[in-house]
Amino acid sequence: MGTLIHGGTVVTATDTYDADILIEGETVVTIGKNLDKGKHEVIDASGAFVFPGGIDPHTHFDMPFGGTVTADDFETGTRGAAMGGTTTVVDFALHTRGDSLQNALDKWKEKASGKAVIDYAFHLTIADGRDETMAEIPKMIAAGVNSFKVFMAYKHVLYVDDETIFKTLQVCRDAGGLVQVHAENGDVIEVITKQALAEGKTEPKWHALTRPVECEGEATHRAIRLAEIAGAPLYVVHVSSAMAADAISDGRKRGLPVYGETCPQYLVCDFTDYERPNFEGAKYVLSPPIREKWNQGVLLRKLKNMELHSFGSDHCSFNLCGQKELGKNDFSKIPNGAPTAEDRLAILWQVGVNSGLMSPNQFVALCSTNPAKFFGLFPRKGTIAAGSDADILVWDPKKKRTISAKTHHMNVDNNVFEGMTVEGRPRYVFSRGKMVADGDKFTGAKGAGKHQKSARYFPVSV
Ligand SMILES: [Zn+2]
């Protein structure tokens, strides 16, 4: 006996057609019209789209930052993601200077194992350019991690210099890895931040004002040039501004394999959110910061025109109460990040598809298929095909809901999309054949998620 998803419209990154889907065990076995209902459990998908489950290429669960730890761990974070239609997350295992990459990976596997409710894979960050670290990269690729992130920001913490970035690019080029970059000029930010604090500028909005858009534009441009010299592909995470997105477009016009990711918060929040009274602006303290409103339309059109290629949440949650408050008198001490994994799909559906700008296929490409390809999970994940994992999202395009921290499924007291009404939400979510969400009800299980090894990076044509 299997599960028959009946009467829906199947949407992949390339095709749209009416069909039933038969799941047996953990995989899709048959796709076809009017499949025999037999003794199968029948799931009603009438009036709904049937998508491959979302792949969130950018989460931070159970992550230490600025003297505290994210509010969501792998259980609550993946639960929120699953309730929003995501069936795989790719989280960042943080390397520590002087330590081995293997230790970082082991640590993060332990955080996720027995907790995650959906499948997960890992990126590794690179904290130093020692020969030992570089020599470990091919071993990590063999162990199932195909992407390595370098930070140009967060001076004295995660920051690495251009020498380390360049070496990482060369090693990844030869070994089948993809370098990811957090592109903001950390040196300049450090200087401006100190000056602002010395002048008594302490409110949340100064977080954004001390990280001007030029810092992101410059660093993005520099990272792309470094990748160009190295002859390596590059993936720019969380592009927040037109200036950074333009640098990526320029690189692509030169024929470079450079890719960009943006996130829901940059499409619907804007600088004025930092000016909310009673320290509420702290909710929006994340990096790069939320920009002036006009950037939203530019990012959205770049997604539509495939000049940005991937849609991640950059979920990194901290409670306002007790965590964000650490920076009550000093914006630089506010933990950076926001809870966005649950609403990632709903936001892009609302501003991208409901607005008429993009097709449901493009939505699937950005939220699932492209991330699966970048991070070595395709075609096991990221599409609906016979033999693929039965990670399936039955999406009700007409159902409305209003986003709120009171009703979301993440373990955090705030939501940057609070009060926003979105049309389109999951009806059912399946993770390897098991239903994990039935409308508003979580039906999954703690620890059901499995670690997914990424295949080595292959050039992605998007
Ligand atoms: Zn991040």
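In which crossing, left-handed or right-handed, does α7 pass α8? The crossing is right-handed, meaning that the near helix is turned clockwise from the far one by less than a right angle. The model is predicted, with local features needing pLDDT of at least 70 and side-chain atom pairs counting only at pLDDT 80 or more, while totals for chains, interfaces and linings use all residues. Numbering runs from 1 along each chain as its sequence is written.

Now to the helix pair itself. The axes of α7 (residues 213–230) and α8 come within 8 Å and cross at roughly 20°; axes here are lines fitted to C-alpha atoms over the stretch in contact, with angles from 0 to 180 degrees between N-to-C directions. The two helices are therefore roughly parallel, the label for angles under 35 degrees. On the α7 side, the contact (C-beta atoms, placed from the backbone, within 7 Å) includes Val213, Glu216 and His221, and Met243 and Ile248 are among the α8 residues.

Gly255 is exposed, with 8 other C-beta atoms within 10 Å; exposed means 12 or fewer. Gly255 and Glu228 sit 27 residues apart in sequence and 9.8 Å apart in space, C-alpha to C-alpha.

Zooming out, the domain assignment, automatic or from a database, gives domain 1 (3–51 + 383–397 + 422–442) and domain 2 (53–374). Their centres, taken over C-alpha atoms, are 30 Å apart. Domain 1 puts 22 residues into the contact and domain 2 puts in 23.

Notes
Contact = placed C-beta atoms within 7 Å. Buried ≥ 20, exposed ≤ 12 C-beta atoms within 10 Å, placed from the backbone. Helix = DSSP H or I, 4+ residues; strand = E, 2+ residues; numbered from the N terminus. Parallel < 35°, antiparallel > 145°, perpendicular 65-115°, else oblique.
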